[in-house]
Each structure stands twice: as C-alpha cells, then as structure tokens.
Amino acid sequence: MPISTATLPGDLAAVQATLTRYFAALTAGDFQAAMNERCAAARVPEDQRDLFLSQTEGLLEMGEMTAVEVSDKPGLQVLPIEASTDPIPFDYAVISGSKRSDWLHGVAITQDGAVKLCGYAQPDIDRITDELKNAVPSGGDLTQTPVDLIPKNGPDGYEQVEDRAVSKGVTTPAGWQESWTRVWQHPTFGGVRVTATRFDTTASASTALSASLAKIAGDATSTFTIDGIDNAIGVRYSAVAWTWLQPPNIGYQGDRVQMLFGNTLITIEATGLTPDEPHQVVTDLAISIDNLT
C-alpha cells in the first residue's frame, strides 16, 4: 500500500515533499525547478540541460511513471555528495500506474533551510560494491600497442564513427602512458566503445580498473562474467542514472566490461540496451580481444 506522508517521520515527510516536487518538475520539463530540489553540488550544469531533459523525458515515457513514493524504513545509508552534519537516508520507489519499482536508495541534506536531494544509488549497491572490491586477476603481459588490441570490425549492424588516440587529460589515471579508442554507432540508438590503455605497471592498470568500477558502483544493477576469460569483469548499469529516477527494470541500460592484461587495461562499453537485453555485444567483443592476445 502507498505510504501516506502523514504516517512518515518528520524528516522523511519532508523528503517525500521534496521528491514529489522534483518529480513534478521533471515531468513538466522545468529544469530550474528540478535543480532547486537538489543540493548545490548535485545540480546538473546548465550546458547539459537539454541532454538531461531529453533523457528524463524518454525515461518517464518508457516507464509510464506517474509518481514517487518514500519508504518509512530506509534500507541503506548512502553518503551525500556534499558534506552534511545530519544526512537523511531514505528509500524511494517509482510508481507506474499500479506498479511500484524496486526501492532505490537516496540521501537528503538540509541546505539553506530546506531539504534537498543529495545522493542516489541503485537497489543492490551494497552487494555490488562488495563484489567489485574483489581484485580482477591479470592476464599475461602484452606486446601489442593499444591500437592493435581493438577489433577492426564492430558488431553487426553498427557503423564506425570514431578511431583515434586518446590524449592525456586532467582526470587521466596515474601511470598512464598511451590509449586508443574506437567507436561504433547503431543506426537507431546506442553504440559501442572499446578503449585500450597502457600503463607503466600492472599495479597502475589495476588501480585504474578499481577506480573505474568504484565510480560506477552506485549506478550498477548487476555484475556478470564471461566464460573462459578470468581476467574480465562485467557491470550492467542504469544509463540515465543522473536523473535519479531510473530503477533497474526501466529505461536504457549500459554494459561495461574491463579486462586486465598486465599493464594494459581494456574497457568495452555498450549503451542503448534494454533492461532484458543480454550482454552479447560486449561479450563478443571481449572474446575477439582475448583471441588477439
């Protein structure tokens, strides 16, 4: 049964009110009103406004979402994006007609005298985070350059749209030496990117892999492995998690596979997947790469 705001503890009743305003603003396409319900550090930059609203509109339509509902028994503490002396953890679900999604995890803080949304995570973040802490074993060292480790042909029906060296940037992991990335786009929606990166040591490559997995853990809905490839780990994640309204069974998903070969890290990513779509696209590419080594 839906939980009445009147039966929620005071802080969660305030969260329900904030979340309801947030949902209403997103439904109306009112970017500024939606951002006003987020804490300062969690607001989407203005230059990403159109993409954010477009993805939110698509998610709402795909899920036929009608409302959001806060639970009176938060199941997990999620850390807020910015520091707070008294964060408010909560669980919440998206309502689609008479159906309720799995409980998502959230956290709010009091800022400028009002309750603001300040963090989000998928239902199984605690279990998945534990799974992703396990070190991925390394395959053997490779002699090929990064560009030679990426398949020349993408999945059937995809068109290559990018093929280039990657330059060092502000967020480039420690120990980085060189990278190459290749992208194929699906004619209707979504695409695939494969990036091979060489580091100075296996330890640097392993650290970069762990950091990448930790960053995606809050959006992850499941993990998977690839038969016969022990040095690979796969993660399915909510592709529009930045809306803070995407349960694991609604909207487009992404798949990421990361493979460690000594001081070389390979990342395979597919987007535009449906919730029930298998991991075939990234699995086939991983097998092709394994055969190149």
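In the predicted model, D112 is found in the loop between β4 (104-111) and β5. The backbone of D112 has a positive phi of about 55°, although D112 is not a glycine. Most residues other than glycine have a negative phi. D112 counts as exposed, because its relative accessibility of 80% lies over the cut-off of 50%. A positive phi also occurs at W244, another residue other than glycine, where the value is near 65°. W244 is placed in the loop between β10 and β11. With a relative accessible area of 8%, W244 is buried. Thus D112 is exposed, whereas W244 is buried.

W244 also takes part in the lining of the largest cavity, together with L19, F90, Y92, L117, G119 and Y120. Rolling a probe the size of a water molecule over the atoms shows where empty space is left. A search of the whole structure for cavities of 30 Å³ or more finds 1, and the space in the largest cavity amounts to about 40 Å³. Two strands, β2 (88-96) and β5, each supply at least two residues of this lining. The largest share, 3 residues, comes from β5. By class, the lining of the cavity holds 6 nonpolar residues, 1 polar residue and no charged residues.

The largest pocket contains about 1,100 Å³ of space. Its lining is made up of 33 residues, and those closest to its centre are S212, K215, R256, T267 and E269. Two or more lining residues are given by each of β6, β7 (176-185), β8, α5 (202-216), β10 (229-238), β11 (253-261) and β12 (264-273). Among the contributors to the lining, α5 provides the largest share, with 5 residues. The lining of the largest pocket divides into 14 nonpolar, 13 polar and 6 charged residues.

In the second largest pocket, the space is about 300 Å³. This pocket is lined by 19 residues, with A214, K215, A217, G218 and D219 nearest its centre. The elements that contribute two or more residues to its lining are β5 (114-121), α4 (125-133) and α5. The lining of the second largest pocket comprises 12 nonpolar, 4 polar and 3 charged residues. K215 is listed among the residues closest to the centre of the largest pocket and also among those nearest the centre of the second largest pocket.

Charged side chains were considered separately. Side chains of opposite charge can pair when their charged atoms come close. The structure holds 11 salt bridges. One of them pairs R100 with E69, with the closest N and O atoms 3.1 Å apart. R100 lies in strand β3 (residues 99-100) and E69 in strand β1 (residues 67-70), so this pair ties together parts that are 31 residues apart in sequence. R100 is partly exposed, with a relative accessible area of 37%, whereas E69 counts as buried at 6% relative accessibility.

A further salt bridge joins E162 and R193, whose closest N and O atoms are 3.2 Å apart. This pair also links distant parts of the chain, with E162 in strand β6 (residues 159-166) and R193 in strand β8 (residues 191-199), 31 residues apart. R193 is partly exposed, its relative accessible area being 32%. Shared partners also connect salt bridges, and D124, R127 and E131 are joined in this way into one network. In the salt bridge between E46 and R49, the closest N and O atoms are 3.6 Å apart. R49 is partly exposed, with a relative accessible area of 29%.

The mean pLDDT of the chain is 92, and 97% of its residues reach 70 or more. Where pLDDT is low, the predicted coordinates should not be read in detail.

Notes. Residues are numbered from 1 along each chain as its sequence is written. Side-chain values use heavy atoms; hydrogens and water are left out. A salt bridge is a side-chain nitrogen of Lys or Arg within 4 Å of a carboxyl oxygen of Asp or Glu. Buried means under 20% relative accessible area, exposed over 50%, partly exposed in between (1.4 Å probe, protein chains only). Helices (H or I, at least four residues) and strands (E, at least two) are DSSP runs, numbered from the N terminus. On a 1 Å grid over the protein atoms alone, a cavity is a set of points where a 1.4 Å probe fits but cannot get out, and a pocket is an open set with protein on both sides within 12 Å along at least five of seven lines; lining residues have an atom within 4 Å of a point. Grid points are joined across faces, edges and corners, and a volume is the space filled by probe spheres set on the points. Ala, Val, Leu, Ile, Met, Phe, Trp, Tyr, Cys and Pro count as nonpolar, Asp, Glu, Lys and Arg as charged, and the others, Gly among them, as polar. pLDDT is the predictor's confidence in each residue, from 0 to 100.
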